[in-house]
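Here is a friendly walk through one protein chain, written for someone who likes to know the cut-offs behind each term. Please keep the viewer open as you read.

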Amino acid sequence: ASEADAMAGETEAELNKLLEEEEVEELEDLPLEEDDEDAEEHEMVVEAPQQPAPPAGSKKRKAEDVLPVAPEPEEEGSPITAVAEGDLTTDAKAADQDDDHEHDAPSEVVEDLVEEEGDADPAPGAATAAIPWRRDQPPSSSAAPGEDSLIRDGDLVVVYERHDRMKAHRVSRGGRVQNRYGIFEFDDWIDTVHYGGVVRAKQFPKKDAEGGGGGSKKTGGGKQGFVYVLRPSCELWSLVLPHRTQILYIADIATVVAQLRLSPGMRVLESGTGSGSLTHALYRAVAPSGEVFTFEYHELRSIKAREEFQEHGIDLKAKGERVEGEGGVWVEQRDIEQLGFPTDGELYDEGSADAVFLDLPGPWKCIPSVTRCLKVGGMVCSFSPCIEQVQKTLQVMNDEGVYYRMRTMEILLRPYEVRTERVNMLSEPGLALPQDAKAGGRPDAMRFEGQPSETRMMAVPSVDVRGHTGYLTFAQKVKFSEKAAEQK
């Protein structure tokens, strides 16, 4: 009997062992919602010892606030739960036996992850725009939430009247704006109105009864006009700036910035400055540590451009003020066609430019100078209104023997106007015309007479379509071998 009981016990033990192995295999085959890294993080949270609470104001937060905690099992003592807890306990004990300090490692890893995540969140108001559009820099960390969006005395604002009518104004105490929509006092805006807000006229002109900004508000027996006050941007500035020369518009500017592959920290050379439309976009693309050196042969235009950049809050620099790692804009008066770009090292080193932009009557004249200034892999772009200029420029680039991927494109933008229109609907498709319409009446009006109509939002091609502006020619400087250069 004892032998039989022993055999039965061994058989039962073997069966239990087999069942446990099957349960372990089933547990391993169970689908997991998270990947292995998430599973390891769960184990870290379960096995990490309790850490003292961080002091107030610390960047570190509790690990439970960042990493998900494994859910508790529904049934206590279930086979799967027991096996899982046993594996975790065994792994922890083995880790303690191998190395005493391994037990504290998960907690340190979790705290490092939490601290890194905390560092990634910037403080409110810490980030500032590359172009603040103010004479003085806006407040950063000391600014209260929403304070930087308030219009201040001396700010440059864009008054939006309609989609095709916008103007730039400098806000000052005691100033005003008067247009077809009414009279607007600047004192009512300063430290009160936020950028993007709607402001209403104090007094409406008697000869005009149209409300501004696409609508109106009745007050008493008349209407009160309104406008939108917008924060300037490179795109808006190109639409409202004072024209000293022909400028590049948004479609061409976007293509230039993208094709030149501009990014923060790059060095860009531009000739000529003109009205400064493109210079704003170039600096915004390479700021805050990037450098833009823009050259204008006309002295008065270069002085006016320097004044505008300073009023807009751009980090304007002069010769001898260049500091490694600090970006800015340098405006110089120089005839690039005759003298070429400077390579004496006073402004920048030869062969250190990442990109060059040319807007000149004879861009082919300064291509050899561009070659000396560009680094290997740098991009060059030339804007020319005539195709003959493009042909000469491409010929000189080809003769240089260091440019490849030379290509020319023309950017044509076709805008659409989104508006509401009343549309006549036919209740019966293919409705025949009345007999009297065939006799020379108004078939369209008679066809829809008595039919239902609806008001719908529609996108209609704009009548005012800007045609040809200029040709954009791009090329990249590469370093050919001596053998390839001889073959060319």
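A residue is called buried when its relative accessible area is under 20%, exposed when over 50%, and partly exposed in between, with a 1.4 Å probe and protein chains only. Helices (H or I, at least four residues) and strands (E, at least two) are DSSP runs, numbered from the N terminus. This is a predicted model, in which local features need pLDDT of at least 70 and side-chain atom pairs count only at pLDDT 80 or more, while totals for chains, interfaces and linings use all residues. Residues are numbered from 1 along each chain as its sequence is written, and side-chain values use heavy atoms, with hydrogens and water left out.

## Overall picture

The chain has 13 helices and 18 strands. Of its 488 residues, 34% count as buried. Contact here means heavy atoms within 4.5 Å. Among contacts with a separation of 6 or more, 67% are between residues 24 or more positions apart.

Let us begin with α6. Its residues D252, I253, T255, V256 and V257 are buried. The elements that cover the buried residues of α6 include α7, β13 (353-358), β14 (374-384), β15 (403-410) and β18 (471-477).

A nonpolar core is a set of buried Ala, Val, Leu, Ile, Met, Phe, Trp, Tyr and Cys residues joined through side-chain atoms within 4.5 Å. Which members of the largest nonpolar core touch the most other members? They are V256, L260 and L262, in a core of 39 residues. Helix α7 (residues 277-286) contributes the most to this core, with six residues. Neighbours within four places in sequence aside, L260 is in contact with A355, V356, M379, V380, C381 and F474. Another core lies apart from this one; its 22 residues include F293, F295, L347 and C373. As background, nonpolar side chains tend to be buried together in soluble globular proteins.

## Salt bridges

A salt bridge is a side-chain nitrogen of Lys or Arg within 4 Å of a carboxyl oxygen of Asp or Glu. The structure holds 18 of these salt bridges. Three of them are set out below.

| Salt bridge | N to O distance |
|---|---|
| R176 and E185 | 2.9 Å |
| E291 and R267 | 2.7 Å |
| R419 and E417 | 3.2 Å |

The pair of E291 and R267 links distant parts of the chain: E291 belongs to strand β10 (residues 291-296) and R267 to strand β9 (residues 267-271), 24 residues apart. E291 counts as buried because its relative accessible area is 5%, and R267 is buried too, at 11%. R267 and E291 also take part in a network of salt bridges with R322 and E324.

R419 is partly exposed, with a relative accessible area of 34%, and E417 is partly exposed at 25%.

## The second largest pocket

On a 1 Å grid over the protein atoms alone, a pocket is an open set of points where a 1.4 Å probe fits, with protein on both sides within 12 Å along at least five of seven lines; lining residues have an atom within 4 Å of a point. Grid points are joined across faces, edges and corners, and a volume is the space filled by probe spheres set on the points.

The second largest pocket holds about 930 Å³ of space. It is lined by 28 residues, and those closest to its centre are H163, P415, S462, D464 and R466. Two or more lining residues come from each of β2 (165-170), α5 (234-240), α6 (250-259) and β16 (416-424).

Ala, Val, Leu, Ile, Met, Phe, Trp, Tyr, Cys and Pro count as nonpolar, Asp, Glu, Lys and Arg as charged, and the others, Gly among them, as polar. By that scheme the lining has 15 nonpolar, six polar and seven charged residues.

## Backbone details

Most residues other than glycine have a negative phi, and most peptide bonds are trans. R261, although not a glycine, has a positive phi of about 60 degrees. R261 sits in the loop between α6 and β9, and is partly exposed at 42% relative accessible area. D191 also has a positive phi, near 60 degrees, and lies in the loop between β4 (182-185) and β5 (197-200).

The bond from S271 to G272 is cis, with omega near -5 degrees, and G272 is in the loop between β9 and α7. A cis bond also joins A287 and P288, with omega about 5 degrees; P288 lies in the loop between α7 and β10.
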